[in-house]
Amino acid sequence: MSAASSAARRTVGKLHPEKTMVLLCDMQEKFCPLIFKMESVVQTARYMTSVASALEVPILATQQYTKVFGPTVPDCFAENAAEQKWTTLEKLQETNMLFDKKLFSMITPEVKGKLESEYADKSSFILVGIEAHVCIQQTCLDLLEQGKDVHVIVDGVSSQQPIDREIALQRMQAAGAYLTTAQSAAFMLMQSADHANFKTVSKLTVAHMKLANEFNIW
């Protein structure tokens with residue numbers, strides 16, 4: 001096999017809107033006071049759900065034992081999401097894209113059935129949410145086992161303890177996941193300034209960058 005042929009076959013983790021889905025994992029109210037740098041995680045979730053909506057990338061969300069841990073934080077979605085006809089928590093509920101679970105992985109039998117029946121064409125999954133070392137990691141590994149590309153948004157995942165987050169990121173990368181940032185994923189999805197929604201995503205990016213991102217503090 002030639003070097004050119006080998007390079008053509010290599011999986012490098014490019015994102016394409018028509019092949020991508022965003023998974024929002026367990027971003028629930030009762031977890032907020034417990035999670036390391038949770039404010040930044042919520043801000044990043046809002047940015048990613050807005051970008052995904054603007055680029056018509058589907059979003060699927062889970063909630064861990066909702067009866068105990070409460071609903072998804074509304075701030076994970078833009079305030080004007082409904083006006084923009086973007087994805088909101090209510091829209092996820094209406095379209096059966098919000099799943100309650102007790103399994104740690106998001107890939108429950110119900111979610112797996114949804115993906116196989118309606119989103120079999122999706123080969124890349126963007127992960128945002130908590131906790132990095134439990135639900136995010138187990139979701140990541142399940143998807144990798146299925147042969148999917150997994151992109152973990154490092155400024156959009158966290159755990160209660162920094163060490164758990166750090167090791168989980170290493171573990172997922174070693175297993176074959178791509179570690180990336182929200183902004184990097186957003187611009188890879190567009191690929192060009194000629195994209196029809198470039199101005200919309202650029203405005204979202206500028207607004208997001210004005211917010212304090214605790215993950216920028218080393």
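Colleague: In which loop is Tyr65 found?
Modeller: In this predicted model, Tyr65 is a residue with a positive phi of about 45°, although it is not a glycine. Most residues other than glycine have a negative phi. As for its place in the chain, Tyr65 is found in the loop between strand 2 (59-64) and helix 3 (66-69).

Colleague: Is Tyr65 buried, partly exposed or exposed?
Modeller: Buried means under 20% relative accessible area and exposed means over 50%, with partly exposed in between. The relative accessible area of Tyr65 is 32%, so this residue counts as partly exposed.

Colleague: Where does Asn96 lie, and is it buried or exposed?
Modeller: Asn96 is also not a glycine, and it has a positive phi of about 55°. Its place is the loop between helix 4 and strand 3 (98-101).

Colleague: Which two residues does a cis peptide bond join?
Modeller: Most peptide bonds are trans. Here, however, there is a cis bond with an omega of about -20°, and one of its partners is Glu131, a residue of the loop between strand 4 (124-130) and helix 6 (132-145). The residues that this cis bond joins are Ile130 and Glu131.

Colleague: With which residues is Gln28 in contact, leaving aside its neighbours within four places in sequence?
Modeller: Gln28 lies in the loop between strand 1 (20-25) and helix 2. With a relative accessible area of 0%, this glutamine is buried. Its contacts, with those neighbours left aside, are Gln63, Gln64, Thr66, Phe69, Gly70, Pro71, Thr72 and Val73.

Colleague: What is the relative accessible area of His151, and is this residue buried or exposed?
Modeller: His151 has its place in strand 5 (residues 149-158). Leaving aside neighbours within four places in sequence, His151 is in contact with residues including Gly13, Leu15, Ser124 and Tyr178. Its relative accessible area is 3%, and because buried means under 20%, His151 is buried.

Colleague: Which residues are the closest to the centre of the second largest pocket?
Modeller: The second largest pocket has a volume of about 220 Å³. Of the 14 residues that line this pocket, the closest to its centre are Val57, Pro58, Ile59, Thr87 and Lys91.

Colleague: Which elements give two or more residues to the lining of that second largest pocket?
Modeller: By class, the lining of the second largest pocket has eight nonpolar, three polar and three charged residues. The elements that give two or more residues to this lining are helix 2 (38-54) and helix 4 (89-94).

Colleague: What is the radius of gyration of the protein, and what does the globule rule give for 218 residues?
Modeller: The secondary structure of the protein comes to nine helices and six strands. The protein is as compact as a globular protein of its length, because its radius of gyration is close to what the globule rule gives for 218 residues: the two values are 17 Å and 17 Å.

Colleague: What share of the contacts with a separation of 6 or more comes from residues 24 or more positions apart?
Modeller: Along its principal axes the C-alpha trace spans about 55 × 40 × 35 Å, and buried residues make up 49% of the 218 residues in the protein. Among contacts with a separation of 6 or more, the share from residues 24 or more positions apart is 81%.

Key
Residues numbered from 1 in each chain as written. Predicted model: local features only at pLDDT ≥ 70, side-chain atom pairs only at ≥ 80, totals over all residues. Heavy atoms only, no water. 1 Å grid on protein atoms, 1.4 Å probe; cavity = no way out; pocket = protein on both sides within 12 Å on 5 of 7 lines; lining within 4 Å. Points joined across faces, edges and corners; volume = space filled by probe spheres on them. Helix = DSSP H or I, 4+ residues; strand = E, 2+ residues; numbered from the N terminus. Nonpolar A, V, L, I, M, F, W, Y, C, P; charged D, E, K, R; others polar. Rg over C-alpha atoms; globule rule 2.2 N^0.38 Å. Buried < 20%, exposed > 50% of the residue type's maximum accessible area, 1.4 Å probe, protein only. Contact = heavy atoms within 4.5 Å.
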